[in-house]
Amino acid sequence: MALVECRECGSQISKKAKECPHCGAPQRRTSALTWFVAVIAVFMGAIAIFSPDAPVQGDQNRLDRGPTRSEALEGMELTFTWERSLDMFMVADLSITNNNAVDVKDLEITCVHFAKSGTQIDRNRREIFEIFPAGQTRSYPDFQMGFMHSQADKSACSISDLSLIQ
């Protein structure tokens, strides 16, 4: 049987004792689970602090990391024309230019449709699962955007999302 010192009176007591038989002081022991959780917390904290992907303050290191997703979205250019097919489908001719210094992929195209009155009445979203190299333009003739409201008179299309290639 292992003996330890009482935290209050210093007497030798059993390691398993819940209280000291000499002074009655409770003996709190740190469980293995508590130590395990503490070690994991310290390890995760060290990873967060020393990770190369950790956020950095200032713009000095920002230049090495490339654009953020929102910056990359601003660097994309979409031109389009559209027409109806069978009076219910939107078919668009898309031209997409990546004006960024980095490649991007998996673009989400969103087209918002408006009635003659100017009221927004419908929207379509489609993704193009391809890599768009920096500085290049790609064309997509007869791109199927899907069903559209029968009263849609005008459409505004944009690149609403993308993924950065890390």
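Guide: A salt bridge is a side-chain nitrogen of Lys or Arg within 4 Å of a carboxyl oxygen of Asp or Glu. This is a predicted model, in which local features need pLDDT of at least 70, side-chain atom pairs count only at pLDDT 80 or more, and totals for chains, interfaces and linings use all residues. Residues are numbered from 1 along each chain as its sequence is written, and side-chain values use heavy atoms, with hydrogens and water left out.

Visitor: What makes the pair Arg-138 and Glu-130 a salt bridge?

Guide: The N to O distance between the two side chains is 2.9 Å, and the limit is 4 Å, so the pair qualifies.

Visitor: How many salt bridges does this rule give?

Guide: The count comes to 3. One of them joins Asp-161 to Arg-69, with the closest N and O atoms 2.9 Å apart; this pair links distant parts of the chain, since Asp-161 lies in strand S8 (residues 154-164) and Arg-69 in helix H3 (residues 69-74), 92 residues apart. Helices (H or I, at least four residues) and strands (E, at least two) are DSSP runs, numbered from the N terminus.

Visitor: Why is Asn-124 called buried?

Guide: Buried means under 20% relative accessible area, exposed over 50%, and partly exposed in between, with a 1.4 Å probe and protein chains only. Asn-124 has 5% relative accessibility, so the residue counts as buried.

Visitor: Why is Asp-87 called exposed?

Guide: Asp-87 has 52% relative accessibility, and because exposed means over 50%, the word applies.
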